[in-house]
Amino acid sequence: MHTIHFELTTPERVVLRREISGVTIPTSEGEITVLPDHIPLVTNLRPGMLTVYDGSHEEYIAVSGGFIELQPGNKLIVLADTAERAEELDLQKVEEARARAEQLLTEKRHANDVASAGAFATLERELARTKVARKHRERRRV
Amino acid sequence: MALPPRLIRRRIKSVTGTRKITKAMELVSAAKMRKAVSSVLATRPYAEAAWRALCELAKVTDPTQHPLLRAHEQSAKKTLVILLSSDRGLCGGFNSQLLRKFTAFSGKQTLAEKNIDVVAVGKKGQDGLRRRGASIVGAFADLGNVPKIYDIRPIADLAVNDFTAGRYDEVWLAFTDFRSALTQIPTVRQLLPLTSIAGFGDIEQLKEQSPAETLSGGATEFLFEPSPQAVLDAMLPRLVEAQIYQALLESTASEHSARMMAMRSATDAASDMIDDLTLTYNQARQAGITREIAEISSGKAALEK
């Protein structure tokens, strides 16, 4: 069976490194799914949820901005600013952080552009985390 | 010798207490150093992958035209130095060596003459720079033992924005390079314009190798979305960030190993002092005993007569 050698790194650590059968990635051009034998590609990563498929098993990872590099020979490298696997996230804490980010955004909306853009980026990251944490909890219940 | 034994004993007790503290600090620093070193190593794959992507980019666009890579053509240069020092002392010559290196960098001219502004990271560096009369435009402290990438994001943003806005013509990074637990070398390295990536190579090299590789390896044409330029725009600030982050981790590792060495020599010095004092104490005690025996026997001899 064809697999992709997948590597997810942040400046702090290597989050995930293994063979997978496919992955869905949020990019600046929309969500893309990479399957084996994809053409070489370099693109920007958006904050969101990254879904890793490994046979019938799925794994969710919350990422913030960065970029991806798909090398010839089925080698995929994701360089994310931050990345957390679903089991590392605590839903309650994440929800709190998201509420803070939302509040920050409403406060900063009328401030200058830089501050509101910063607040928006924070909110986007927190939304991605919330999504991943919820998804993880749903799956555990099933 | 004239010291009464009681006082010497008190002194030994106090030095023993100090030795316990320095020994403990040595062990703590050793543990923190190991942690810092492993996080330095953990940043390598990121920089490696980013460098490879940059090599691919060099084949389709001329990366040297990017604002972060282009040198400003100006006669009166204004320079920004990011100085990474420690928050705490008791680490030997760690901070003073870095500051000395920084002073050597500014040369014979004063800091104002050379138009150098400094971003000081760490309290000790701030204090030292203030004494030298440097103009500090930014100060960061309390980044902790294992700094996160977002801790340095404000520093990187400041450097990148001010450089692209043309407020500074060069940005340098002053940090302590961790070679081994025994040697740490204070280093001043250019950060912007980005001319080389530490441990990988020069940007200039990219330019030279690009045409040849495009000719031979036409098969592995990369697709860039949305465009090579947009990807480059997103990637270069990240690379700058990664550079600062790595330098910060190197500095942290160096700080801990410098402290470990300083504490080890303090422990050794305390042990020597205890040995010395114990000898003096025993001599004083023995002298007392001898004197007492002499007094008793001379008293007895006086009675017998």
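Two residues are said to be in contact if their C-beta atoms, placed from the backbone, lie within 7 Å.

## About the model

This is a predicted model, in which local features need pLDDT of at least 70 and side-chain atom pairs count only at pLDDT 80 or more, while totals for chains, interfaces and linings use all residues. Residues are numbered from 1 along each chain as its sequence is written, and chains are lettered from A and ligands numbered from 1 in the order in which they are written.

## Two helices of chain B

In chain B, residues B:N95, B:L99 and B:T103 of helix α3 meet B:K124, B:G125, B:G128 and B:R132 of helix α4; helices (H or I, at least four residues) and strands (E, at least two) are DSSP runs, numbered from the N terminus. By class, this contact of α3(B) with α4(B) has 1 nonpolar, 4 polar and 2 charged residues, where Ala, Val, Leu, Ile, Met, Phe, Trp, Tyr, Cys and Pro count as nonpolar, Asp, Glu, Lys and Arg as charged, and the others, Gly among them, as polar.

The axes of α3(B) (residues 94-106) and α4(B) (residues 123-132) come within 10 Å and cross at roughly 45 degrees, which makes α3(B) oblique to α4(B). Axes are lines fitted to C-alpha atoms, for helices over the stretch in contact, and angles run from 0 to 180 degrees between N-to-C directions; those under 35 degrees count as roughly parallel, over 145 as roughly antiparallel, 65 to 115 as roughly perpendicular and the rest as oblique.

## The domains of chain A

Chain A is divided into domain 1 (4-86) and domain 2 (89-141), with bounds that come from an automatic or database domain assignment. The C-alpha centres of these two domains of chain A lie 21 Å apart.

Across the boundary, 10 residues of domain 1 of chain A are in contact with 10 residues of domain 2 of chain A. On the domain 1 side, β6 (48-54) and β7 (57-63) of chain A each supply at least two residues, and β7(A) gives the most, with 4 residues. That side of domain 1 has 7 nonpolar, 2 polar and 1 charged residues.

## Where chain A meets chain B

The contact between the chains takes 21 residues from chain A and 25 residues from chain B. On the chain A side, the elements that give two or more residues are β5 (41-45), β8 (66-71) and β9 (75-80), and β5(A) gives the most, with 4 residues. This side of chain A has 10 nonpolar, 6 polar and 5 charged residues.

Strand β5(A) also pairs in the parallel sense with strand β8 (residues 223-225) of chain B over 3 bridges, pairing being assigned if DSSP finds at least two bridges between two strands. Within β8(B), B:E225 is the bridge partner of A:T43.
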